[in-house]
Amino acid sequence: LVKEIYRETEKHSDQMIQISGWIRTLRSSKAFGFIELNDGSFFKNIQVVFEENLDNFKEISKLSISTSIVVEGKLVLTPGTKQPFEIKATKITVEGESSSEYPLQKKRHTLEYLRTIAHLRPRSNTFSAVFRVRSIAAYAIHKFFQEKGFVYTHTPVITGSDCEGAGEMFRITTLDMKNPAVDEEGNVDYSKDFFGKETNLTVSGQLEAEAYALAFRNIYTFGPTFRAENSNTTRHASEFWMIEPEIAFADLNDYMDLAEEMMTYLIDYVMKNAPEEMEFFNKFIDKGLLDRLNNVVNSDFGRISYTEAVEILKNSGKEFDYPVEWGCDLQTEHERYLTDEVYKKPLFVTDYPKDIKSFYMRLNDDNKTVAAADLLVPGVGEIIGGSQREERLDILESRMKEMNLNEEDYWWYLELRKFGGTKHAGYGLGFERAIMYLTGMGNIRDVIPFPRTPKSAEF
Ligand code: 4AD
Ligand code: MG
């Protein structure tokens, strides 16, 4: 309703309306007062004017910020002022009072402080905009894939395998860990555990996604993902959401084409469907955001190989904290140099050394690199990781041996290569990182409602 009033104000001129919401600001004098009311349905507030003819004028004048009220009144146009219209109240009733201890007072609060009141911060302008954009972006992702006929696949949260082979999993157990069942060697006996084996929270739905792509051809997942990575950075969360498309009869270039189309669609959709919020970010969080995103929508992403990236970094004349050599993993400072200073747009880096990438990535003919690609974006760094998958059973098995993975744990994954395997590819988009990129917010803790990071799960 409020959005509609803002978009077609004239149509509502002189109408009697009723609106309920929370007081964002209130100022009053002896004879009249102003309330900025937010009804939750829209980013912008509605201005309410009340005068001493209200029988509860005195009570209303003293209300605290965040009190919930119901207002009846007439919508009048106020051209030439900051607000295009206001409501002249004929009746105001109080639903729920707010105490004067309410922590979100009118002054600007730091994002750090707002993190300590994660249950109240969605009532601030910044977080109202962030979480509305997050919702719209999620819808855009679904719309993009559904319109292409991709099947939305719910991969399990509880799994028995480690997709990334990196051992960064949260173990799940119902064993009494103070006094667990143990085997002859004194190790915890997980055969006595709930599932009869070791299980953990998923680090990626990819392995299961591959199984479904080999039945439905094109699928995507969109769900929570967990990593017990002990990295305390502005880009890592222990619980985050990932979108993982998987496409059959497709190679690395098909993945990059799809990812580029998806990112462009996502940015464009959010700019068109959340213009007020995006304006806000452009003004208060990251000046130049809209220009940058508009450029992205209107130009192609860069594509270079890892080997070329290393050359660029070595010839840059820059002193990096971690010096670059062929074979090393690219650090954030390297990624940021490539995107922020050289390319100034999203950039795929392809064909990484096999030793720094996961076991499932397809080995290139040089036997040294794999058909992988990360998408790096200015301001954030890596937001997508993906690859063509190794569909050749013998090579996959020898890669797993090299990396000390237990083949028995992956028996069903290996079987996919025996029963009509085909070339296929896929990727994972970190949803929070995408939201950081879309909004200009600098910390992952500020784009997920209740963040979980090492030593921090207060809410
Ligand atoms: O590069 P990653 O580890 O790739 C995979 O998990 C593949 N299995 C995906 C696939 O091919 N289906 O993670 C993918 C993306 C990263 O690029 C990053 O955006 C995000 O997930 N990500 C995280 N986001 C927030 N916090 C963390 N701790 C993250 N770890 C990865
Ligand atoms: Mg990665």
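This report walks through the ligand site and the strand pairing of the structure above.

The model is predicted, so to speak of local features a pLDDT of at least 70 is needed, side-chain atom pairs count only at pLDDT 80 or more, and totals for chains, interfaces and linings use all residues. Residues are numbered from 1 along each chain as its sequence is written, chains are lettered from A and ligands numbered from 1 in the order in which they are written, and side-chain values use heavy atoms, with hydrogens and water left out.

## The ligand site

Let us start with ligand 1, which 25 residues surround; a residue counts as near if one of its heavy atoms lies within 4 Å. Glu164, Gln206, Arg227, Glu244 and Glu382 are the closest. Sorted by class, the shell holds 9 nonpolar, 8 polar and 8 charged residues. Here Ala, Val, Leu, Ile, Met, Phe, Trp, Tyr, Cys and Pro count as nonpolar, Asp, Glu, Lys and Arg as charged, and the others, Gly among them, as polar.

| Residue | Protein atom | Distance to an oxygen atom of ligand 1 |
|---|---|---|
| Arg389 | side-chain N or O | 2.9 Å |
| Gly430 | backbone N or O | 3.3 Å |
| Ile384 | polar backbone atom | 3.5 Å |

On its own, ligand 1 has 630 Å² of accessible area, and the protein covers 93% of that; such areas come from the Shrake-Rupley method with a 1.4 Å probe. Ligand 1 sits in the second largest pocket. A pocket is an open set of points on a 1 Å grid over the protein atoms alone, where a 1.4 Å probe fits, with protein on both sides within 12 Å along at least five of seven lines. To sit there, a molecule needs more than half of its atoms within 2 Å of the grid points.

## Strands around the ligand

Strands are DSSP runs (E, at least two residues), numbered from the N terminus. At least two shell residues come from each of β11 (239-248), β15 (381-388) and β16 (424-430), and β15 gives the most, with 5 residues.

Two strands pair if DSSP finds at least two bridges between them. Strand β14 (residues 372-377) and β15 are antiparallel over 6 bridges, and Ala373 stands opposite Gly386 in β15.

## Other strand pairs

Another open sheet has 3 strands in the order β7-β9-β8, paired antiparallel. Its edge strands are β7 (158-159) and β8 (171-172). Two strands, β7 and β9 (residues 199-201), are joined by 2 bridges, and Thr159 stands opposite Asn200 in β9.

Strand β5 (residues 85-96) runs parallel to β3 (residues 46-51), joined by 2 bridges, with Val49 opposite Lys88 in β5. Strand β4 (residues 68-77) runs antiparallel to β5 over 10 bridges, and there Glu72 stands opposite Lys91.

Conventions
A polar contact is a pair of N or O atoms within 3.5 Å; within protein, one must be able to donate a hydrogen and the other to accept it, and residues adjacent in sequence count only if both atoms are side-chain atoms. On a 1 Å grid over the protein atoms alone, a cavity is a set of points where a 1.4 Å probe fits but cannot get out, and a pocket is an open set with protein on both sides within 12 Å along at least five of seven lines; lining residues have an atom within 4 Å of a point. Helices (H or I, at least four residues) and strands (E, at least two) are DSSP runs, numbered from the N terminus.
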